[in-house]
Amino acid sequence: MTLLALVLGSLALPAQEPFAKISVRGNELYAGGEELLLVSVGYTHDRPGQDYSDPMAHKEFGYDLIDLDLQRIREGGFNAIRTWALIDEELLALAQKRGLWVIGGIRTERNIDPGNEPAIRDAVATVAAAARVYSRHPNTAMLM
């Protein structure tokens, strides 16, 4: 375990109702009526030798390894994972099972010409589709 994980593991995170509705008040994030501090770690399901663009249907790696990853993340003192792209819904459910919020990434083209309406429509459609998936999971804290 790294020193960072040990330090973060010693933080006393406020207890809150599991996955209460999130709101923003001023510059603070709240889950239900309590302030929410997201202590997150970047997470991807990829394993050594696996192409990151492979779908989640693992050839040799099952969700048992992902569940173990998430368990260890939680035991390390983290209460959230941050992703870079839409992740499999089974992974979202496993994060919920382990009590982890998800800061969901949405991969789109970052440098779109404002005059390129088809590219804009594609990016908006990508964000909307990912938001529909993430919104089905109460442990989605925010999207990036």
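Let's start with the sheet: four strands form an open sheet in the order 4-5-6-7, and their pairing is parallel. Strands here are DSSP runs of E with at least two residues, helices are runs of H or I with at least four, and both are numbered from the N terminus. Two strands count as paired if DSSP finds at least two bridges between them. Strand 4 (40-42) and strand 7 (140-143) sit at the edges with a single partner strand each, so one side of each has no neighbour in the sheet. From one strand to the next, the twist averages 20°.

Before going on, keep in mind that this is a predicted model: local features need pLDDT of at least 70, side-chain atom pairs count only at pLDDT 80 or more, and totals for chains, interfaces and linings use all residues. Residues are numbered from 1 along each chain as its sequence is written, and side-chain values use heavy atoms, leaving out hydrogens and water.

Look for glycine 42, which stands opposite arginine 82 in strand 5.

Now for the nonpolar cores. A nonpolar core is a set of buried Ala, Val, Leu, Ile, Met, Phe, Trp, Tyr and Cys residues joined through side-chain atoms within 4.5 Å. Buried means under 20% relative accessible area, exposed means over 50%, and partly exposed is in between (1.4 Å probe, protein chains only). The largest core has 18 residues, and Tyr43, Leu70, Ile73, Ile81, Leu91 and Tyr134 have the most contacts inside it. Helix 2 (63-75), helix 3 (89-97) and helix 4 (117-134) are the elements that give two or more residues to this core. Helix 3 gives the most, with four residues. Apart from this core lies another, of ten residues, including Leu36, Leu38, Trp101 and Ile103.

A search of the whole structure turns up one aromatic pair: phenylalanine 19 with tryptophan 101, edge-to-face, 5.0 Å centre to centre and 75° between the planes. (Rings of Phe, Tyr and Trp, using its six-membered ring, pair if their centres lie within 6.5 Å; planes under 30 degrees apart are stacked, over 60 edge-to-face, the rest tilted.) Phenylalanine 19 lies in the loop between helix 1 (3-9) and strand 1 (22-25) and tryptophan 101 in strand 6 (residues 101-104), so the pair ties together parts 82 residues apart in sequence. Phenylalanine 19 is buried, at 17% relative accessible area, and tryptophan 101 counts as buried at 4%.

Notes:
Axes are lines fitted to C-alpha atoms, for helices over the stretch in contact, and angles run from 0 to 180 degrees between N-to-C directions.
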